[in-house]
Amino acid sequence: MEEYPQGFRFFPTEEELVSFYLHNQLHGLKQDKLHRVIPVLDIFDTEPWNLPELAGEMCKEDREQWFFFAPMQEREARGGRPSRSMATGYWKATGSPCYVYSSDNKVIGVKKSMVFYVGKPPGGRKSHWKLNEYRAIELPATNPNPTSSNLSIPKLRREYTLCRVYVVSGSSRAFDRRPPEPVARETTFQGGDGAASSGGSGCGNVSSSVAPTANVGSSHQWETASLEEPIWDWEQLDWL
């Protein structure tokens with residue numbers, strides 16, 4: 001393994017995970033360099049305590065969190081529900097799905113949280129292993145003359161999810177860079193006659209079809225974040 005600068009740690013924000021890493025994976029860009037950081041793995045076929053040794057080069061020595069691209073399961077591609085169970089236990093969803101926002105307050109993805117239980121459902125024993133599953137939201141090219149029949153409806157990309165697996169360590173350090181004070185978010189929708197917004201923190205029931213924009217007769221469209229690269233350039237990381 002290559003030597004990295006002293007004190008280096010791969011610690012991306014949720015915006016970077018969705019708008020850069022997951023976006024590039026979905027579009028087949030920067031694959032060689034990308035997979036050295038976040039490999040492709042069906043993590044739901046692997047016990048969580050075996051995942052650290054399968055992580056990318058930047059996360060292999062990490063003791064708290066590891067990142068993977070999980071491909072769509074065959075049963076999900078056929079319209080079924082994805083399997084989250086294995087011989088030793090199962091992943092169980094906790095809480096409600098949440099929107100992932102860009103730095104300029106645009107919705108760019110959806111996050112689902114899970115906890116690993118050891119044993120058979122429903123009597124499994126809760127473990128310290130947790131998982132955040134990210135899906136990207138994509139809005140087709142904007143139609144210059146939108147109508148109720150040809151409106152571009154945002155959809156969740158399902159070919160890959162980006163999974164952050166971590167162990168509850170009791171550390172007070174937050175995973176993502178967040179504002180110091182709680183801020184109520186407004187999910188912005190851009191419509192043909194103006195903008196409408198719905199207040200809230202961004203957490204709640206998020207349907208698989210991203211229902212807020214699918215109302216019949218509505219001309220609202222999601223504003224998606226510009227998919228920019230992180231503040232560094234790949235070429236600048238000559239040790240990558």
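Visitor: Is Trp129 buried or exposed?
Guide: Trp129 counts as buried, because its relative accessibility is 15%. Buried means under 20% relative accessible area, exposed over 50% and partly exposed in between, with a 1.4 Å probe and protein chains only. This is a predicted model, in which local features need pLDDT of at least 70 and side-chain atom pairs count only at pLDDT 80 or more, while totals for chains, interfaces and linings use all residues. Residues are numbered from 1 along each chain as its sequence is written, and side-chain values use heavy atoms, leaving out hydrogens and water.

Visitor: How many aromatic pairs does the structure hold?
Guide: There are seven. Rings of Phe, Tyr and Trp (its six-membered ring) pair if their centres lie within 6.5 Å; planes under 30 degrees apart count as stacked, over 60 as edge-to-face and the rest as tilted. One of the pairs is Phe20 with Tyr21, edge-to-face because the planes stand at 85°, with centres 4.8 Å apart.

Visitor: Buried or exposed, those two?
Guide: Phe20 is buried at 1% relative accessibility, and Tyr21 is buried at 1%.

Visitor: Which ring does Trp129 pair with?
Guide: Trp129 forms a tilted pair with Trp66, at 5.7 Å between centres and 35° between planes. Trp66 lies in strand E1 (residues 65–71) and Trp129 in strand E4 (residues 125–138), so this pair links distant parts of the chain, 63 residues apart. Strands are DSSP runs (E, at least two residues), numbered from the N terminus. Trp66 counts as buried, at 3% relative accessibility.

Visitor: Which residues form a cluster through ring pairs?
Guide: Phe10, Phe20, Tyr21 and Phe67 do.

Technical notes. Helix = DSSP H or I, 4+ residues; strand = E, 2+ residues; numbered from the N terminus.
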